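This report looks at a salt bridge, a helix pair and some annotated spans, in that order.

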Amino acid sequence: MAAKINLNDVTLRFGKFEALKDISLTLEAGKIHGLIGRNGAGKTTLLSLLAAFREPTQGHVEIDGEAVFENPEKMQQVGFIYEKNYADEYQKIPAMLEFPESYRPNYDKAYADYLLKRFNLPLDKPIYKLSKGMQSALNVVIGLASRTPITIFDEAYIGMDAPAREIFYQEILADQAKHPRTFILSTHLVSEMDYLFDNVVIIDHGRLLMNEDYETISAQGASITGAADQVDAFVSGMKLLNEQKLGGTKSVMVYGTLSEQRQLAARQQGLEIGPVSLQDLFIHLTEEAR
Amino acid sequence: MKSVKLYPKVAFDLFYEQFKWAIWFFSFLIAGHIIGMIIVARNDTSIQQFFVFSSQSVAIFMLVCGIIAAYAFMGYYVQHGITRKDLYVGTVISTLALALAVTLVPLAVNVIEHLISNLAALPIDTDAAPLYDPASGWFSAAGIFFLNAFTYHLIGWLIGVGYYRFGWVIGFGFVGIAIAALSLNGYFWGDGGLSSVIPWVPEIPADASPFLALAGSLLLIAVLLVSTRMLTKRISIKM
């Protein structure tokens, strides 16, 4: 139970400002997609189109081949979780959860109760009194327990402390193994979340920079670690993304694929080759596009 | 996953939520009426019976419910996968039900007050204001009350939607439209509404021309319903 997403030539304008420019992409069903981009890149705007919060100025947004806007069947399949203002929310958590329970066909109450316990959320306090991190955790509970075939978390971790974020990531992976769905996780905490992604979408200034599976992306560069002088000699002439030095050892991130010959040569020199970090690649790509 | 028609559920939930507000509202209003009776009894005068006493307040209550409805429900329902259309149809049905409920509650309270006044003298004035004159038939009085409540909610909804969609500057224009619509409604039912705003418009009391009043009122409702649908059909949800 997962759904495939298609965007065809999607452009969204607010007056003269183009928030999204001619984006075409396919997000495969049943995978965890990471949507990354800098502040103001258009991540939330893109996601709001998937959730039928608005219509694109041009182009089509489709789920399993059908337009999503005002499509009752498709809209019911999309759960869009984002940071909400709960300053006026006087309800308590159990009352709040009655709504998704009543309107989401796949909502799992037992799972919701389990998640509430895992996040240690108080059930007897009005929601406006909860901390920011707890309110975010509540959003996460709604998103996970609703089990919508497309579940979108738009920087849902805001305000959550590191242990709570860790629970969030673990639960995504655990539930994905049991009840596969299409997840979209937008974030700029790239280094913390990259291991979750099957597929990565990078947008910048409203344009699509990349939509590739994680392996393909990690092969677009490499990390080379070894004795500092040897590493320097090996990477000379390559595009460096990042370097770190500890004593005589150096680790360098380079952009560009390494041929098998080069990889072999590196190993013969005693250099260690690893995948490039998504974070470094992201920083490089979005700087280049500027 | 098969899709189910969601608007009946939406209608029930919206009615239930607003009816809870209505219960609070009537509790205060009934308390007010009782306090009023105590005060007028001391001065040896009388107070309007509850049905008439509550008519203005109920209208304002419905107006406020309508304004809140736009803000409180739109984003919430769409975020949970309900289409604007289902929400619209659900809202209209729930508003009809709410208008009926806020008509029946004052009627019931009125009946209870009359039953009590048979046993003990209550300082209630049975001569009613012409607009909701129960003397000319309870059914027509209740009908007018119901139409008025429904219209006020629709007008509030229009203001709410106007503000939601266009922000406060243009939204202010919707307040102007609402005042015009309220005056028009008052004009049809001889409330002195429009004639108090635009002096040269003649007043048509409901009992003078019930057909004209009813036709005009229904036409106003139709215009309000169509405008709200047009404004919300493709509305962008605020985040």
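In this predicted model, A:D108 forms a salt bridge with A:R147, the closest N and O atoms being 2.9 Å apart; the term covers a side-chain nitrogen of Lys or Arg within 4 Å of a carboxyl oxygen of Asp or Glu. The pair links distant parts of the chain, 39 residues apart, with A:D108 in the loop between α3 (93-103) and α4 of chain A and A:R147 in the loop between α5 and β7 (150-154) of chain A. Over all chains the count comes to 14 salt bridges.

Helices α4 (residues 109-118) and α5 (residues 132-145) of chain A pack at an angle of about 155 degrees, with their axes 9 Å apart. Because angles over 145 degrees count as roughly antiparallel, α4(A) is roughly antiparallel to α5(A). In their contact (heavy atoms within 4.5 Å), A:Y111, A:A112, A:L115 and A:L116 of α4(A) meet A:V141, A:L144 and A:A145 of α5(A). The residues of this contact divide into seven nonpolar, no polar and no charged.

For chain B, an unreviewed UniProt entry places the feature "transmembrane region" at several spans, including residues 53-75 and 138-159, and the table describes these two.

| Span of chain B | Helix | Strand | Distance between end C-alpha atoms |
|---|---|---|---|
| residues 53-75 | 96% helix | 0% strand | 36 Å |
| residues 138-159 | 100% helix | 0% strand | 32 Å |

Residues are numbered from 1 along each chain as its sequence is written, and chains are lettered from A in the order in which they are written. Local features need pLDDT of at least 70, side-chain atom pairs count only at pLDDT 80 or more, and totals for chains, interfaces and linings use all residues, while side-chain values use heavy atoms, with hydrogens and water left out.

How values were computed: Axes fitted to C-alpha atoms, helices over the stretch in contact; angles between N-to-C directions. Helix = DSSP H or I, 4+ residues; strand = E, 2+ residues; numbered from the N terminus. Parallel < 35°, antiparallel > 145°, perpendicular 65-115°, else oblique. Nonpolar A, V, L, I, M, F, W, Y, C, P; charged D, E, K, R; others polar. UniProt positions renumbered as here; feature names shortened; annotations may be inferred.
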